[in-house]
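Here's a walk through some features worth a look in this model. Have the viewer open as you read.

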Amino acid sequence: MTQYKSDFLRILSERGFIHQISDESGLDDLFRTQTVTGYIGYDPTAASLHVGHLTQTMMLHWMQETGHRPIALMGGGTGMIGDPSFKDEARKLLTNEGIQENLAGLRRSFARYLRFGDGPKDAIMADNADWLLDLNYVAFLRDVGRHFSVNRMLSFDSVKLRLDREQSLSFLEFNYMILQAYDFVELNKRYDCRLQLGGSDQWGNIINGIDLGHRMGTPQLFALTSPLLTTASGAKMGKSANGAVWLNPDMLSPYEFWQYWRNTEDADVGRFLKLFTTLPMDEIARLEALGGAEINEAKKQLASAVTAKLHGEAAALEAAETARKTFEEGALAETLPTVELPASEFSAGLGLLSALVAAGLAGSNGEARRHVKGGAVRLNDEQIEDERRMIGESDLSSGVAKLSVGRKKHVLLRPVG
């Protein structure tokens, strides 16, 4: 492992964030001797970040914690095109109204990780729509487009993948990498930004920006990428059985977020503590060394630390207490995720399979039926073996019914209306 002299690169290295750097010694010297501004771009394809974005966002967090200035670049302009990198088909084009709604949600996601303001080391929320939407096309082609080789662009893995599969790559998408490269140059001009960070799949795009900067007369620019994260079993980070693990609480409750981390695979606990918490390294080493049943305590600490960072200490404590009541006492914790259904369905009798699907505990009636046959389904903590079972008003306790699949997935059904 490279021994870095700057605090920022040393912390990123020991915590497992670094995959590749364009000039290690040069960037290390820059962080050691100057206040560095660096950025990561986020396209507004949804109204919230999800767990898959956390690695990058934590890098911005550590940049600020070590005395430097991070930029969270919102892709209000490039979002109108969509990043084609490693996609099999074009993204659905977003309207300007949809982009603005998503940008408002993304800003809320950052509030717990970065300190924004007007000071020299306060984080900046920039939007590339500010410079991309007013570009003069002919002037842009003359001043910027002339620096790009189509032959080289065709050699990028993200482009070759689409072409090798004989899948269409539109001229609109082909322009995306030019606009992303131009973002780096524009951020350098506006904020003296010297570094772009991203996942390892963005290496080619970032190097494009460095090359464009060199041709357009910027100071030396730098690239730093992190490994693309998967779980020990190979699953992609940010996805759960019920879909994306969102950061905004109106899209995923703090309890469900806490539970996602509590369910971390044993082999991932140490790695995730380093990447997604700010716990000291000696404490992480102690937790990582736990074995047997004690590893569950490390998972709880991981879940509580990550949840507290995002949602606050009170929400993390409440989530942990809800889990304790649910799993250790078998009690009905009213802070469990709740699904509201028409009261008339309980009066007439709500089918068990339909309830499992409505609660998000199964993706289809067929999957729900398999859960029942496998003995995984419980209603108010009693195992249900009859797939034709109806849930009625007599099953309500304190106005709710608790529906569970396995030991870790629980939802409260609440009649309304």
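The side chains of Ser404 and His410 are joined by a polar contact of 2.7 Å. A polar contact here is a pair of N or O atoms within 3.5 Å; within protein, one has to be able to donate a hydrogen and the other to accept it, and residues adjacent in sequence count only if both atoms are side-chain atoms. Ser404 belongs to strand β14 (residues 401–405). With 1% relative accessibility, Ser404 counts as buried; the cut-offs are under 20% relative accessible area for buried, over 50% for exposed, and partly exposed in between (1.4 Å probe, protein chains only). Leaving aside residues up to four places away in sequence, Ser404 touches Leu361, Ala376, Val377, Arg378, Lys409 and His410, where contact means heavy atoms within 4.5 Å.

A quick word on ground rules. This is a predicted model, in which local features need pLDDT of at least 70 and side-chain atom pairs count only at pLDDT 80 or more, while totals for chains, interfaces and linings use all residues. Residues are numbered from 1 along each chain as its sequence is written, and side-chain values use heavy atoms, with hydrogens and water left out. Helices (H or I, at least four residues) and strands (E, at least two) are DSSP runs, numbered from the N terminus.

**The six-stranded sheet**

In what order do the strands of the open sheet of six run? The order is β1-β6-β5-β2-β3-β4, with mixed pairing. β1 (20–21) and β4 (124–127) stand at the edges with a single partner strand each, so one side of each has no neighbour in the sheet. Two strands pair if DSSP finds at least two bridges between them. β2 (residues 37–42) and β3 (residues 69–74) run parallel and are joined by six bridges, with Gly41 opposite Leu73 in β3. β3 and β4 also run parallel, joined by four bridges, and here Ile71 stands opposite Ile124 in β4. Five of the six residues of β2 are buried, so this strand is largely enclosed by the rest of the structure.

Helix α1 (residues 7–14) has buried residues too: Phe8, Leu9, Ile11, Leu12 and Ser13. These pack against β1, α2 (24–33), α3 (54–65), β5 and β6 (222–226). After α1 comes Gly16, with a positive phi near 90°.

**A non-glycine with positive phi**

Most residues other than glycine have a negative phi. Asp192 isn't a glycine, yet its phi is positive, about 55°. You'll find Asp192 in the loop between α10 (176–191) and β5 (193–199), and at 45% relative accessibility it is partly exposed.

**Salt bridges**

How many salt bridges are there? The count comes to 17, taking a salt bridge as a side-chain nitrogen of Lys or Arg within 4 Å of a carboxyl oxygen of Asp or Glu. Here are some of them:

| Pair | N to O distance |
|---|---|
| Arg108 and Asp250 | 3.8 Å |
| Glu288 and Lys274 | 4.0 Å |
| Glu297 and Lys300 | 3.4 Å |

Arg108 and Asp250 meet in a salt bridge of 3.8 Å. Arg108 sits in helix α4 (residues 96–110) and Asp250 in the loop between β8 (243–244) and α12 (254–262), so the pair ties together parts that are 142 residues apart in sequence. Arg108 is partly exposed at 49% relative accessibility, whereas Asp250 is exposed, with a relative accessible area of 59%.

For the bridge between Glu288 and Lys274, the residues lie in helix α14 (residues 281–288) and helix α13 (residues 269–276), so parts 14 residues apart in sequence are tied together. Glu288 is partly exposed at 39%, and Lys274 is partly exposed at 21%.

Glu297 and Lys300 both lie in helix α15 (residues 295–311), three residues apart, or about one turn of the helix. Salt bridges with shared partners also join Asp7, Arg10 and Glu14 into one network.

**A nonpolar surface patch**

Tyr137, Val138, Leu141 and Phe171 make a nonpolar surface patch of about 440 Å². Patches are built from residues with over 30% relative accessible area and no salt bridge, joining like charges within 9 Å and nonpolar side chains (Val, Leu, Ile, Met, Phe, Trp, Tyr) within 5 Å; accessible areas come from the Shrake-Rupley method with a 1.4 Å probe, and for residues only the protein chains shown count as cover. Helix α6 (residues 137–143) gives the most to the patch, with three residues. Phe171 lies in helix α9 (residues 171–174) and is exposed, at 55% relative accessible area.
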